[in-house]
Amino acid sequence: MKTVAVIDYGMGNLHSVSKALEHVAAANTRIIVTSDPGQILAADKAVLPGVGAIRDCMAEIRRHGVDDVVRELVATRPLLGICVGMQVLLDHSEENGGVECLGLLPGEVKFFGKDLRDSEGSRLKVPHMGWSPVNQVDPAHTLWQGVDGNARFYFVHSYYARVANEATVAGRSDYGLGFDVALGQDNIVAVQFHPEKSAANGLQLLENFLTWKP
Amino acid sequence: MGLAKRIIPCLDVDNGRVVKGVQFVDIRDAGDPVAVARGYNEAGADEITFLDITASHEGRETTVHTVERMASQVFIPLTVGGGIRTVEDIRTMLNAGADKVSINTAAVFNPEFVQDAADRFGSQCIVVAIDAKKVSHFGEPDRWEIFTHGGRKPTGLDAVQWALKMENLRAGEILLTSMDQDGVKNGYDLGVTRAISESVGIPVIASGGAGNLDHLVAAVKEGKADAVLAASIFHFGHYSIPEAKQYMATRGIEMRI
């Protein structure tokens, strides 16, 4: 029996993530939702979701001791960060006046801005909400197995990631500017979009994570 | 390629059953909201909106249970509206698996509720529903007012100003229903849709009045809507979701196909 822990630190729609994982999990894989460090560290893999403001997310992550748990976990086992759960893995976010994050992946989280425009000069709404295509800059990456190039995923965010190390970028998107939406380094993979809300492509990506052997 | 415009079918649900029935695809139980939502998901809908019109308190429990079942089987964004009046109502629906809630009358009577909700749960899950009706007379500059109680009660609030206020209170999205057009199938009210969409910086969903595919196109092209919500044209099988998406795409609108 394999266990995948969805890390519950009080922020995020855990129901959607856990149900989507259950939907694609093999019969010998159990999905648990937990905030207990012991249970998380006993799992074979973990998922770090997150929605809402990053300052609140980081505060709850620290309060639950999830920062230390995640650091320990990724030394030996795979982790998938989703949305704000991806952003917190970087060094720093400019949301909420500036928030220090976990620093597991070198990079910054920045605001789209109030006057975001497309290449033709039309104003773009913020949050970036809806289905955007993802350019699979590393098409061989485990996340993209069985997913068409430029397949669309569902996004909801006002802040975007720019990583320091190009080699960690598996996917990019454009919304008035280019940004990094799928990251991978050692045991860590992370996505800005919501695979649990991205229909068949999202489910395929989650299945890829569950079967991944880094 | 960039962000796609969204098509959002809306299910009116009373005590766990889809109102008016649905006849669009081959589903066993056209009254079961979960079966219907699954059908729309498979057809390529971009999101689902679940409008709860259950009046009774006991019925609300059924609603929560239905949302739970739907969220376990449908992996696209789900918005729940109807009867959302307190922070606790929002928490209940999000915990049941909704991704967003739509706040309507409660926002009219207590706009700070929107801010409170956004502070607690994040703007991304707070949709403010606006029911607007044209109140300007022929020859006057266009003006739209907010109405409550299914379009019966005027509030004296200007719809465009209200939308801006909701954005300032950190609403994540506006669901704009034109009360003149709702159910009439003569097309969305493009004037109010455009006036609001060009005023606010958050996405606007056009609702009320879709009768054919040109109406969907016009809502995006002329109304500048970011998404279109429709019920009967899809429910009764007049058009399928793929057909609507193809039609919009051939008219130069970016769609997820």
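**View 1. Fold and dimensions of chain B in the predicted model.** In this predicted model, 63% of the contacts in chain B between residues at least 6 apart in sequence join residues at least 24 apart. The secondary structure of chain B amounts to 10 helices and 11 strands, and its C-alpha atoms fill a box of roughly 50 × 45 × 35 Å along the principal axes. Because a compact globule with 257 residues would have a radius of gyration near 18 Å, the 17 Å of chain B agrees with that expectation. Of these 257 residues, 53% count as buried.

**View 2. Confidence along chain B and for the complex.** The mean pLDDT of chain B is 91, with 96% of its residues reaching 70 or more. Within chain B, confidence is lowest in helix H4 (residues 105-109), where the mean is 84, and highest in helix H10 (residues 241-250), at 98. For the complex, the predictor gives an ipTM of 0.93 together with a pTM of 0.95.

**View 3. Contact between helices H2 and H3 of chain B.** Helix H2 (residues 57-73) and helix H3 (residues 87-96) of chain B have axes that come within 8 Å and cross at roughly 35°. On the H2(B) side the contact is made by Val64(B), Val67(B), Glu68(B) and Ala71(B), and on the H3(B) side by Thr92(B), Met93(B) and Ala96(B). By class, the residues of this contact between H2(B) and H3(B) comprise 5 nonpolar, 1 polar and 1 charged.

**View 4. The side of chain A that touches chain B.** Here 30 residues of chain A are in contact with 26 residues of chain B. At least two residues of this side of chain A come from each of helix H1 (14-24), strand E8 (128-133), strand E9 (152-157) and helix H6 (199-211) of chain A, and E8(A) gives the most, with 6 residues. The side of chain A that touches chain B is made up of 13 nonpolar, 9 polar and 8 charged residues.

**View 5. Surroundings of Val137(A).** Val137(A) lies in the loop between E8 and E9 of chain A, and because 15 C-beta neighbours fall inside 10 Å, Val137(A) counts as partly exposed. Leaving aside residues up to four places away in sequence, Val137(A) touches Val169(A), Ala170(A), Gly171(A) and Arg172(A). The C-alpha atoms of Val137(A) and Glu166(A) are 10.0 Å apart in space, while the two residues are 29 residues apart in sequence.

Technical notes:
Residues are numbered from 1 along each chain as its sequence is written. Chains are lettered from A and ligands numbered from 1 in the order in which they are written. This is a predicted model: local features need pLDDT of at least 70, side-chain atom pairs count only at pLDDT 80 or more; totals for chains, interfaces and linings use all residues. Two residues are in contact if their C-beta atoms, placed from the backbone, lie within 7 Å. Helices (H or I, at least four residues) and strands (E, at least two) are DSSP runs, numbered from the N terminus. Ala, Val, Leu, Ile, Met, Phe, Trp, Tyr, Cys and Pro count as nonpolar, Asp, Glu, Lys and Arg as charged, and the others, Gly among them, as polar. pLDDT is the predictor's confidence in each residue, from 0 to 100. Axes are lines fitted to C-alpha atoms, for helices over the stretch in contact, and angles run from 0 to 180 degrees between N-to-C directions. The radius of gyration is taken over C-alpha atoms; the globule rule is 2.2 Å times the number of residues to the power 0.38. A residue is buried if 20 or more other C-beta atoms lie within 10 Å of its own, exposed if 12 or fewer, and partly exposed in between; C-beta atoms are placed from the backbone.
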